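This report looks at how parts of a protein model meet one another. Please keep the sequence and the structure in view while reading.

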Amino acid sequence: MTTVWAGLATGAIYSLVAIGYNVVLLASGTFNFAHAQLLMVGTFLAYAGAVTFGLPVVPTVLLAAVGVAVIALVEERVAIRPLLGRADRHGTLITTVGAATILDGLAAAIWGRQPLTVPSVLPDEPLTLLGGTLRPVDLALIGLTLVVGVGLHLWSRHTLTGLASLASAEDRDAASARGINVRLLGVGAFAVAGAIAGAFGLLVGARTYAVFDLGHSLALFGFVAIAIGGSGSQLGGLIGGFATGLVYAFAARYIGAAYPQLVVFGVFLLILFLRPRGLFGTALERRV
Amino acid sequence: MNALIHRFRPLGALLLLVLLLIAPGAGLVNGYWSRTIMLIAILSLLVSGLNVVLGYAGELAMGQVALYAVGAYVAGYLGVAFGVTNVLVALAAATLAAVVVGLITGIPGLRLGGWSLAMVTFFLVTLVPNLVDIFADFTGGTLGMGTAVPTLFGMEIVGDRLYWLIILVVVGWFAVARNLLLSRHGNMFLVLRQSPILASVLGVSVYRLRLLVYVVGAIPAALAGALFSMLDGFIAPDTFTFALALSVLAASVVGGATSVYGAIAGAVVMQLGQQTFTQFQTWQLVIYGAFLLIAGIAFNRGLAGLAQDGLAAARRRGWLPTLPPASAAAAPVDDEPAARLEPLRGVLLRTEGLSKSFGGNRALDDVSIEARPGEVTALIGPNGSGKTTLLNLICGLYQPSGGRLFLGDEQIGGQPPYRIARHGVARTFQTPLIPKNMTTLAFVATGRYVTHKVGILPAILRLPKFRRGYAADDEQAMALLRLVGIGDVAGRQVDALALGTRRLVEVARSLASGARVFCFDEVGSGLDASDIAVLEQAIGMIREAGGTVILVEHNFPLVLKLADRIHVLSQGRLLASGTPAQIQADRRVLAEYTGAADGGDDGAAESVTDLEASEGPAVPKGAK
């Protein structure tokens with residue numbers, strides 16, 4: 001059961017990445033490769049708030065949330081918006097990787113290449129729950145991720161803004177013609193995704209360390225979560241993230257320390273091959 | 001762009017090559033620079049492989065570094081474990097390994113395209129250290145492995161000989177890449193990049209073509225790895241980092257991904273940058289990222305694009321001799337417009353209760369129509385009545401929710417679009433799908449890619465078969481362009497043409513395959529009077545030649561003039577079918593178009609013809 005808890009806690013991080021991908025994908029139809037890097041920056045800002053400036057928890061979370069939201073907005077302005085409306089749809093494939101690489105490089109230049117320990121905000125005394133042990137901070141991570149994921153799912157299905165976002169992801173022009181401010185939605189999605197990523201920086205950092213190349217593995221496993229859950233499905237991404245974390249934890253525990261990545265990769269290839277739309281995704285037909 | 005590279009003086013290239021080969025022996029470069037040249041050559045192999053995938057097929061593959069590792073370890077292991085040090089065997093084994101890894105990752109990774117291939121290949125890069133660790137018995141683990149001295153026919157390949165080997169392999173690859181990319185295959189890759197839908201209605205299986213391109217792009221990376229293991233004599237996992245993957249990507253976009261030789265320019269910039277600036281290490285990632293961002297937004301054709309623009313400008317100002325007009329050699333000299341088409345093997349197309357639902361919305365409901373060979377069958381109806389949906393079902397772009405589709409006696413409903421296209425169903429699009437970086441002539445010739453196929457090997461080796469096929473393609477495409485009255489634009493870039501001309505280009509393209517059924521989707525809208533006249537003539541000729549024409553059109557006078565039979569759709573249902581005269585007299589059709597009550601004759605309108613204006617701006621004034 002301890003393995004299950006470890007898997008769920010790691011999986012929560014992957015779910016967070018998947019949620020961030022989906023928020024932007026649903027509102028603007030763009031896949032923001034750099035979202036995992038936003039989470040990485042969140043852990044560094046949390047470190048800066050908690051350690052460098054010695055701030056209490058709430059200001060630290062606010063600092064990270066606002067800081068990452070601003071970075072996300074800058075990214076949208078620089079790497080996404082100039083390409084909107086271009087016929088060539090491959091542009092963001094390059095520019096979001098570019099943005100991610102710049103964030104990696106800046107983090108390495110500012111905070112160095114060694115991992116930094118982000119302090120845990122909750123007591124470090126392990127809890128025993130359902131026959132397994134876990135740290136309180138991990139439990140908080142799992143719980144809050146669930147709340148955010150389910151909340152966003154309900155929001156996108158039951159509020160006017162959420163539905164508008166679904167509509168504009170489906171067809172930007174049609175949504176725009178219906179009076180939806182497509183651009184504002186897209187920008188807002190970046191801000192929201194960034195703020196969520198920043199706010200979780202403290203909890204994520206407490207589990208992983210703050211390190212400049214954290215984004216690489218998070219991007220991959222977050223994408224595996226999307227592949228399992230089906231792109232654009234918040235609930236699917238949430239479940240996919242936890243599933244990925246569990247696969248990882250069990251492979252590490254029972255096969256060997258060098259294997260979990262390989263096992264996840266195998267699962268990833270199988271999913272893409274057998275269910276390319278994901279387990280929860282619906283088949284979309286292309287339009288002419 | 002093609003023209004420039006076509007004219008690349010072979011003699012000059014040969015001189016350059018000889019100079020490069022004798023440089024170290026003749027004392028022109030010292031050891032430092034000869035090593036730098038070898039590293040640039042190896043990096044340009046990696047970049048060139050990525051260019052094939054990214055620049056031509058539009059897929060992002062970040063796994064070049066993983067394939068680089070595969071090539072290095074395969075070559076290294078062969079030498080150490082089996083004493084096989086022959087460089088040719090090592091290079092062949094690396095190629096084979098690249099194909100295997102390419103298939104394993106490409107088959108799942110390309111199912112969806114877009115980001116999934118990027119992520120699968122990115123994953124592959126991060127797996128390299130794990131795999132090296134797991135197979136430590138073969139790879140030497142994190143400590144690395146020393147490799148055996150490479151040989152060829154008993155000679156040790158070291159020093160200058162290794163230099164020659166590396167240069168020759170790289171030159172050989174670029175020759176292969178050039179011949180492949182500057183052929184119909186390369187043109188089809190560009191079509192695929194621009195529009196997978198267009199590629200599939202041209203009869204190409206998008207998935208298989210993507211897989212082919214991806215596997216081809218994997219080969220030079222593995223070759224580079226094998227050469228690198230010979231150069232360094234030592235392989236360790238810390239060579240194959242994500243930072244290297246990013247530098248390959250940055251080199252690709254800096255040099256210009258959609259070009260053959262841009263890879264070399266990009267590799268030079270990256271390699272020299274890394275060696276020259278001591279600050280490079282610290283800011284490496286930021287620099288790569290900035291390159292990607294700037295190239296992605298501002299100059300996405302890279303250095304190759306700048307060079308082409310510069311050459312073009314120099315020609316305009318008379319500093320350089322101008323090129324002969326592209327493919328003038330292939331075009332027959334006579335200026336007589338081709339008067340008629342070869343006979344077409346038209347075939348009866350029939351739908352039986354065809355239906356399509358999108359969620360709860362029934363876009364097409366139980367529609368049965370017939371389109372006969374040697375006739376023009378028009379589909380008309382208000383916007384949203386299901387005309388384009390029906391066309392998409394016929395072409396296989398939509399899967400029918402119910403009903404059947406017959407071509408002759410064969411049921412073809414539900415088949416993928418490329419199969420239906422291979423049965424001889426061609427179509428044009430409401431918004432013409434037009435690729436970039438291609439002349440009009442070359443684009444029209446892509447219509448013949450599947451039906452008059454020239455294999456990849458003849459193209460790479462430039463065999464006589466390839467030359468014959470190319471000449472026939474050009475000749476036929478030229479004749480078709482003349483037929484639709486736009487022979488003068490054959491040498492122009494197709495994406496620089498105006499909308500009306502694009503529509504005519506699409507008609508020529510659809511004819512190029514020698515199709516049996518022609519689906520024209522609002523082919524007349526946006527055309528001026530003279531273009532309409534040409535179009536009428538062209539459609540008339542297809543009918544004469546025995547082709548089956550299905551015409552979706554808003555321009556009612558045009559429909560009345562051309563159609564032998566008209567089907568009227570309304571809200572997804574078939575409202576009426578008949579000859580133009582019958583349809584003109586049909587009260588229900590009148591009601592549908594005016595909104596008047598069924599059978600009501602209070603209206604001022606006597607026939608549908610008077611009401612064309614109710615269709616809005618789609619009707620050009622000159623057409624009346």
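## A salt bridge between two side chains

The side chains of Asp474(B) and Arg184(B) meet in a salt bridge, with 2.8 Å from N to O; the term stands for a side-chain nitrogen of Lys or Arg within 4 Å of a carboxyl oxygen of Asp or Glu. Between domain 1 of chain B and domain 2 of chain B the count is two salt bridges.

## How to read the model

This is a predicted model, in which local features need pLDDT of at least 70 and side-chain atom pairs count only at pLDDT 80 or more, whereas totals for chains, interfaces and linings use all residues. Residues are numbered from 1 along each chain as its sequence is written, chains are lettered from A and ligands numbered from 1 in the order in which they are written, and side-chain values use heavy atoms, with hydrogens and water left out.

## The two domains of chain B

Chain B is divided into domain 1 (34-240) and domain 2 (349-616), with bounds that come from an automatic or database domain assignment. Taken over C-alpha atoms, the centres of these domains are separated by 43 Å. In contact (heavy atoms within 4.5 Å) are 25 residues of domain 1 of chain B and 33 residues of domain 2 of chain B.

The area buried between the two domains, meaning the accessible area (1.4 Å probe) that two parts lose on being put together, summed over both, is about 2500 Å², and carbon and sulfur atoms give 66% of it. In domain 1 of chain B, Arg184(B), His185(B) and Val201(B) lose the most area to domain 2 of chain B, together 28% of what that side buries.

## The interface of chain B and chain A

The contact between the chains takes 54 residues from chain B and 49 residues from chain A. About 4700 Å² is buried between chain B and chain A, of which carbon and sulfur atoms give 73%. Across this interface the rule finds zero salt bridges.

Which helix gives the most to the side of chain B that touches chain A? That element is α6(B), with 13 residues; helices (H or I, at least four residues) are DSSP runs, numbered from the N terminus. By class, this side of chain B has 35 nonpolar, 13 polar and six charged residues, where Ala, Val, Leu, Ile, Met, Phe, Trp, Tyr, Cys and Pro count as nonpolar, Asp, Glu, Lys and Arg as charged, and the others, Gly among them, as polar.

Terms used: Helices (H or I, at least four residues) and strands (E, at least two) are DSSP runs, numbered from the N terminus.
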